[in-house]
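Subject: Model for your review

Hello,

Please look through it when you have time.

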Amino acid sequence: MTKLTAVAVMLASIFSISTSQASEPIEVIKPAVITEPEKVELGKMLFFEPRLSMSGFISCNSCHNLSLGGVDALPTSIGHEWQQGPINSPTVLNADYMLAQFWDGRAATLKDQAAGPIDNPKEMGYTHDLAVDTIASMPAYVARFNDIYGSNEVNIDRITDAIATFEKTLVTPNSPFDKYLEGDKKAISADAQTGYQLFKDKGCVACHNGPAVGGTMYMKMGLIKPFHTDNPAEGRKGVTGKEADKFVFKVPTLRNIELTYPYFHDGSVWNLDEAVNTMADIQLGQKMSAKETAQMVEFLNSLTGEQPQIMLPILPPSNANTPRPVPFK
């Protein structure tokens, strides 16, 4: 084979793969490209920093545990003074692919989202001012802010910017399904391939598409039939005030879905088989056979990618100027 022929074959192969991927409703997750490693490291420290909470015990990782697929594996999260959260904690993995943050989309960006729980009395129970005072009291933190931002000033804007920069690196590439999309037809089982075809044929891809297999739109929970729940969340209505937005939520990502139970905004379903059948019923008005359900679950399991390998940061010690935690009344 001549060099010219070899190049032609290679280009044809690349074009074929690219064309194949372009025709699919799901896109490959790409590895994170880190351009600001110092800011990422600071953001990681703050993500694991429990002193951003009134109790000195709750951190971002408490509800978005990176050992558990970026969730807390509870129906609703536990907040300050053991308060029950109002809604299931969505995964932080691949969150940068979402059109907005939180189930109701009230935060436009990861940076906006990072600010919310800190001063929420049911979550971290602190205030932004106290959070800033806490971080600014520790010289090791101040030095990092100075190196990264060009001054010693610590403020909530910089704190949330650093956290968001870290969270943007929390992607899960190289799942078996990604490898399948890239041309390795043996990367997933025959049942998973059938499950993917069912996923497309039954209309699941109308909402669950793109790199994160979701997160690109809002949709009513209970589109065809009502979804019965005791959870008080009203979805987008709480943001827009419009009755038409009642029970309209951001479509969740299906990446790493086997890790992010329990399912739905109320965390009421622990079994992926049940979740598949419930969604087919209330969103699509369709019934799934036991075999179809098993095949679709096989496909969904193939969406689990490489989990972020995080080395826990060593946080600076508190000192006489650091606000004291108040874990109990």
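Helices (H or I, at least four residues) and strands (E, at least two) in these notes are DSSP runs, numbered from the N terminus. This is a predicted model, in which local features need pLDDT of at least 70 and side-chain atom pairs count only at pLDDT 80 or more, while totals for chains, interfaces and linings use all residues. Residues are numbered from 1 along each chain as its sequence is written, and side-chain values use heavy atoms, with hydrogens and water left out.

Cores

A nonpolar core here is a set of buried Ala, Val, Leu, Ile, Met, Phe, Trp, Tyr and Cys residues joined through side-chain atoms within 4.5 Å. Buried means under 20% relative accessible area, exposed over 50%, and partly exposed in between, with a 1.4 Å probe and protein chains only.

The largest nonpolar core has 34 residues, and the members that touch the most others are Ile26, Phe177, Phe199, Phe299 and Leu300. At least two residues of this core come from each of α8 (176–181), α9 (190–201), α11 (272–284) and α12 (290–301). Helix α11 gives the largest share, five residues.

Leu300 sits in helix α12 and is buried, at a relative accessible area of 4%.

Backbone

Most residues other than glycine have a negative phi, and most peptide bonds are trans. The following depart from that pattern.

- The bond from Tyr261 to Pro262 is cis, with omega near -10°. Pro262 belongs to the loop between β2 (248–250) and α11.
- Phe264 is not a glycine, yet has a positive phi, near 75°. Phe264 is in the loop between β2 and α11 and is buried, with a relative accessible area of 11%.
- Asn94, also not a glycine, has a positive phi of about 60°. Asn94 is placed in the loop between α3 (60–63) and α4 (110–118), where it is buried at a relative accessible area of 1%.

Regards
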